[in-house]
Amino acid sequence: MKTIKFLSITALVVMGAILAGCAKELDVNPVAEDNIVVCTTTVTLDVDDTKALSIVGDKGVKTFAKGEQVALHYYDNTKGWSDASSQALSEEDISADGKTATLTFELTNPKANGNIIFCYPAALVKFNNYGEFDYNQIILQNGTLASLSANLDLATASGNLSGTNLPANVTLTNQLAILAITLKNSDGSSDITSTITGLTLSDGTNTYSISRSAAAGPIYVAIQPVSNKNITITATSGSNSYTKSLTGKTYAAGNGYNVSWRMESAPTLGLKSPSFGQVIGSDGKNYAYNATRPSGVTAVAVIAYVSGNHGLAIAMTDENNDNYIKWDPAMAVAAAHAPKFSGGTWRIPSRNEWKNMFKPGSKYDQYLYNDLNTAIVNAGGTPLPQKSYWTSTDGGSNRKYIMTFSDGTYVIDGSSQGKELGTIRARACLAF
């Protein structure tokens, strides 16, 4: 049952009128207070939806639990989109073997008939400026079922307020697919899952990075649903790197999949006389940007700096599908950049590594970047736009340095920026 209570300002207005009648010389101007709406609704996890966590039996099926909260994204008349969390669930709030719960919310100045989005678990309520769910939150995972089921098995429902009332009943539907992954060596004779400490899965649009302690499998990964997409998997085990390419895969929302893949050993970097502007191919060899490469060999990076037998090559495109990304996910996704190479390490460039990839300009801490952009474009990559990019350099006090391109130069931001800043781009470099 739903109940609505308004903390009305009527009493204040009446009192103001009485005071005004008794002391007309006073200029009484009542100040409007927030309109607080307390309401309840019954929420059910969709029993017709094949639950993603059912891949491990009843233990993995999502149910409500005491102390949990559901979040609500709603439109506030005063400040636009706003978030509210339900009161923590008690045992009395939960019914139907954990599939249904009665929730109580307190909304401030809700817009009549405004849009609403329910989100469970509440920890995943973060949205972008367009009122859309921020899927950047699932980039980093640890591969365990416990963490996934508690934090990443996203279920949502969208709708509208009825006036300022919540709908009487709401059904939450899972939005992610969940993979239970086991890995084998190339001929399938040996299971290598228990040795894997890093795994990355990329569908060409979204990348998911799993960092874990070596342990028995499977490795659990929550992903946005895909339909007929090519997927690249990379994995690391000590000094060994593995890769796998899948074609035309479909993983639907609300479903769980037990998958087992045979992994190939990553190619070894075999660079000969590397120089600025050359392309590193997916076979680990270097080529002139306009040279014909062997069939099936694609350009993965452009050599940007060489010192002796070592150097840096910059990736062809930005991480996170050329979208903004926070510092922690940027570091992880860059480290997991595909393809992997034995003898090379992908990472976000440090301050000095960014500097090394540019030719000196005329100012103290500015460097021309036109030459590098030309090399990237010649190789078929996406140039670095005049935007801010992360460095891996620690600025202290939980703050990280950024660098910014502008007017053919680039400037290191000496003031540093917080690592939670959400308006920064990332591009990996391959250190060899």
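## A charge over a ring

The charged end of Lys-111 sits over the ring of Tyr-75, at 5.3 Å from the ring's centre. This is a predicted model.

## The chain as a whole

The protein chain has 432 residues, and 47% of them count as buried. Its secondary structure consists of 5 helices and 30 strands. The accessible surface is about 20300 Å². Carbon and sulfur atoms contribute 48% of that surface.

How much of the contact count comes from residues 24 or more positions apart? Among contacts with a separation of 6 or more, such residues account for 64%.

## Helix α3 and its cover

Helix α3 spans residues 327-335. Of its 9 residues, 7 are buried, so the helix is largely enclosed by the rest of the structure. The buried residues are Trp-327, Pro-329, Ala-330, Met-331, Ala-332, Val-333 and Ala-334.

## Glu-319: buried, without a salt bridge

Glu-319 is in the loop that runs between β22 (310-315) and α3. Glu-319 is buried, yet it has no salt bridge. The nearest side chain of opposite charge belongs to Arg-427, 7.2 Å away. A salt bridge here requires a nitrogen-to-oxygen distance within 4 Å.

What does Glu-319 touch beyond its neighbours within four places in sequence? Its contacts are Val-333, Ala-334, His-337, Ala-426, Arg-427 and Ala-428.

## Salt bridges

Side chains of opposite charge can pair when their charged atoms come close. The structure holds 6 salt bridges. One of them joins the side chains of Lys-326 and Glu-420, at 3.5 Å from N to O. Lys-326 lies in the loop between β22 and α3, and Glu-420 in the loop between β29 (417-418) and β30 (429-431), so the pair ties together parts 94 residues apart in sequence. Lys-326 is partly exposed, at 28% relative accessibility. Glu-420 is also partly exposed, at 46%.

Glu-353 and Arg-347 form another salt bridge, with an N to O distance of 2.4 Å. Arg-347 is partly exposed, with a relative accessible area of 32%. Lys-400 and Asp-394 meet in a salt bridge of 3.2 Å, N to O. Lys-400 is buried, with a relative accessible area of 7%. Salt bridges that share partners also join Asp-318, Arg-425 and Arg-427 into one network.

## Aromatic pairs

A pair of aromatic rings is described by the distance of the centres and the angle of the planes. The structure holds 9 aromatic pairs. In one of them, the rings of Phe-105 and Phe-118 have their centres 6.0 Å apart. Why is this pair edge-to-face? The planes of the two rings stand at 70°, and planes over 60 degrees apart count as edge-to-face.

Phe-105 lies in strand β6 (residues 100-108) and Phe-118 in strand β7 (residues 115-120), so the pair ties together parts 13 residues apart in sequence. Both phenylalanines, Phe-105 and Phe-118, are buried. Elsewhere, ring pairs link Trp-354, Phe-358, Tyr-389 and Phe-405 into a cluster.

## Thr-102 in strand β6

Thr-102 is found in strand β6. Thr-102 is partly exposed, with a relative accessible area of 31%. In sequence, Thr-102 and Thr-41 are 61 residues apart. In space, their C-alpha atoms are 5.8 Å apart.

Which residues does Thr-102 touch, not counting those up to four places away in sequence? They are Thr-41, Thr-42, Leu-89 and Asp-93.

Definitions and conventions:
Residues numbered from 1 in each chain as written. Predicted model: local features only at pLDDT ≥ 70, side-chain atom pairs only at ≥ 80, totals over all residues. Heavy atoms only, no water. Helix = DSSP H or I, 4+ residues; strand = E, 2+ residues; numbered from the N terminus. Buried < 20%, exposed > 50% of the residue type's maximum accessible area, 1.4 Å probe, protein only. Contact = heavy atoms within 4.5 Å. Areas by Shrake-Rupley, 256 points an atom, 1.4 Å probe, with all protein chains shown as cover. Lys, Arg positive; Asp, Glu negative; His and termini not counted. Phe/Tyr/Trp six-rings, centres within 6.5 Å; stacked < 30°, edge-to-face > 60°. Lys NZ or Arg CZ within 6 Å of the ring centre and 35° of its normal.
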